[in-house]
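Dear colleague,

Please find the structure below, handed over for your own work. A summary of what was found in it comes after.

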Amino acid sequence: MQILTKQPTVKGPAEMFTGDVWFDVIVKGEEPSRVRVNTVRFAPGARTAWHRHAVGQTLHVTDGVGLVQARGGAVIAVRPGDTIHTPPGEWHWHGAAPDAFMIHLAIWEGPQAGTETEWGAPVTDEEYGQPREH
């Protein structure tokens with residue numbers, strides 16, 4: 001057993017995020033584990049670009065109000081305690097509501113081989129749109 005060294009907080013790069021996003025790497029497992037866990041903090045209106053994960057992703061909202069969408073689906077509002085699973089290969093985005101901060105844990109696995117996450121185009125203001133409640 002060991003206490004892991006805390007990694008510095010990192011600002012989300014503009015090619016992957018719209019607005020101010022900061023994340024902390026909690027764990028990046030080493031073989032045989034490939035688990036990844038980050039705490040991600042979104043300023044109001046901030047969001048990821050469209051992306052997909054080779055082995056899927058689970059989000060757990062811990063604070064604020066967020067928005068999530070799978071390609072072709074509705075924009076859905078999420079709140080603390082909500083857990084969202086995106087299956088492998090599904091294009092999606094997530095971020096904060098226009099008027100609230102949002103923090104979530106992002107949990108995923110790296111694949112045995114190949115790219116973990118494929119990044120696409122930024123989410124436009126029109127795509128960001130109006131959420132529906134769940």
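The notes that follow take up the sheet, then one aspartate, then the salt bridges.

This is a predicted model, in which local features need pLDDT of at least 70 and side-chain atom pairs count only at pLDDT 80 or more, while totals for chains, interfaces and linings use all residues. Residues are numbered from 1 along each chain as its sequence is written, and side-chain values use heavy atoms, with hydrogens and water left out.

The sheet

Strands (E, at least two residues) and helices (H or I, at least four) are DSSP runs, numbered from the N terminus. Two strands are taken as paired if DSSP finds at least two bridges between them. An open sheet is formed by six strands, in the order 1-3-4-12-7-10, with antiparallel pairing. Strand 1 (10-11) and strand 10 (83-86) stand at the edges with a single partner strand each, so one side of each has no neighbour in the sheet.

Strand 1 and strand 3 run antiparallel and are joined by two bridges; Val10 has Phe23 in strand 3 as its bridge partner. Strand 3 is also antiparallel to strand 4 (residues 35-42), with seven bridges between them. Here Trp22 has Arg41 in strand 4 as its bridge partner, and Lys28 stands opposite Arg36 in strand 4.

Asp24 belongs to strand 3 (residues 21-28). Is Asp24 buried or exposed? With a relative accessibility of 8%, Asp24 counts as buried, where buried means under 20% relative accessible area, exposed over 50%, and partly exposed in between (1.4 Å probe, protein chains only).

Leaving aside neighbours within four places in sequence, the residues in contact with Asp24 (heavy atoms within 4.5 Å) are Lys6, Gln7, Pro8, Thr9, Val37, Asn38, Thr39 and Arg41. With Thr9, the side chain of Asp24 makes a polar contact of 2.5 Å. A polar contact is a pair of N or O atoms within 3.5 Å; within protein, one must be able to donate a hydrogen and the other to accept it, and residues adjacent in sequence count only if both atoms are side-chain atoms.

Salt bridges

Side chains of opposite charge can pair when their charged atoms come close. A salt bridge is a side-chain nitrogen of Lys or Arg within 4 Å of a carboxyl oxygen of Asp or Glu, and a search of the whole structure finds six. Three of them are described here.

In one of these, Asp24 pairs with Lys6, with the closest N and O atoms 3.2 Å apart. Asp24 lies in strand 3 and Lys6 in the segment before strand 1, so this pair ties together parts that are 18 residues apart in sequence. Asp24 is buried, whereas Lys6 is exposed, at a relative accessible area of 62%.

Asp20 and Lys11 also meet through their side chains in a salt bridge (2.9 Å, N to O). Asp20 is partly exposed at 44%, and Lys11 is partly exposed at 35%.

A further salt bridge joins Asp125 and Arg47, whose closest N and O atoms are 2.8 Å apart. This pair links distant parts of the chain, with Asp125 in helix 1 (residues 125-128) and Arg47 in strand 5 (residues 47-48), 78 residues apart. Asp125 counts as exposed at 58% relative accessibility, while Arg47 counts as buried at 4%.

With kind regards
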